[in-house]
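Subject: Structure handover

Hello,

Here is the structure I promised to pass on. Please open it first, then read my notes below.

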Amino acid sequence: MKLLVCCFLAITCVLVDADKGERLLKLTEVIKELKALNRTVKHNSVMSNTPSMDMEECCSQSALECFRAMVPHLKAKNKMLQRKVMKNLNNQLILGSLDSCSQEEKEKTVCQGCDSYPKDSQECVQQLESLLQKAISRLA
Ligand SMILES: *[C@@H]1O[C@H](CO)[C@@H](O)[C@H](O)[C@H]1NC(C)=O
């Protein structure tokens, strides 16, 4: 148990200390990949004017999980890039830059389930990108 707590603290410290520049680099990289991937995707519909989701501040990580889950379902020609985007969205640097909510705050917040996120592929890519852009602006 003690060892576990130690490990947890060490990991937390590493995450907190992670260089902003490193996060910025990773976020920029994923956005670039996402845009490149998007160009090879055959979207399932024309963009409807769905209003962008009003996300709770502490729900960014849960939103990212939902978006990541939809990436494999995109009809992308470039499968390699698709896997790369999925892998990168799982990166701790990305997760760590999404919000500044404490574990306690997160537990108090009820986030929308993945089902309530848009099914439109183009809309999904769009919102995923703005989620990542928001993380970048938070670093600035
Ligand atoms: C994705 O590609 C479509 C065209 O297929 C484009 O209209 C849309 O803006 C792109 N989205 C992003 C986030 O680049």
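**The ligand site**

An oxygen atom of the ligand lies 3.2 Å from an N or O atom in the side chain of Gln122. That falls under polar contacts (a pair of N or O atoms within 3.5 Å; within protein, one must be able to donate a hydrogen and the other to accept it, and residues adjacent in sequence count only if both atoms are side-chain atoms). Taken alone, the ligand exposes 370 Å², and the protein buries 59% of that. These areas come from the Shrake-Rupley method with a 1.4 Å probe; for residues, only the protein chains shown count as cover.

Asn38 also reaches the ligand: an N or O atom of its side chain is 2.3 Å from a ligand oxygen. The residues around the ligand are Asn38, His43, Gln122, Val125, Gln126 and Glu129, each with a heavy atom within 4 Å of it. α7 gives the most to this shell, with four residues.

**How to read the numbers**

This is a predicted model: local features need pLDDT of at least 70, side-chain atom pairs count only at pLDDT 80 or more, and totals for chains, interfaces and linings use all residues. Residues are numbered from 1 along each chain as its sequence is written, and side-chain values use heavy atoms, with hydrogens and water left out.

**The fold**

The protein chain has seven helices and zero strands. Both are DSSP runs, numbered from the N terminus (helices: H or I, at least four residues; strands: E, at least two). Of its 140 residues, 38% count as buried, meaning under 20% relative accessible area (1.4 Å probe, protein chains only).

**Helix α7**

α7 has 19 residues and reaches 28 Å from its first C-alpha to its last. The expected span is 27 Å, taken as 1.5 Å times one less than the number of residues. Asp120 caps the N-terminal end of α7, with a side-chain oxygen 2.9 Å from the backbone nitrogen of Gln122. The buried residues of α7 pack against α2, α3, α4 and α5.

**The core**

The largest nonpolar core has 30 residues. Such a core is a set of buried Ala, Val, Leu, Ile, Met, Phe, Trp, Tyr and Cys residues joined through side-chain atoms within 4.5 Å. α7 gives the most to this core, with eight residues. Leu64 is among the residues with the most contacts inside it. Leaving aside neighbours within four places in sequence, Leu64 is in contact (heavy atoms within 4.5 Å) with Leu89, Ile94, Leu95, Leu98, Leu128, Leu131 and Leu132.

Best wishes

Terms used: Buried means under 20% relative accessible area, exposed over 50%, partly exposed in between (1.4 Å probe, protein chains only).
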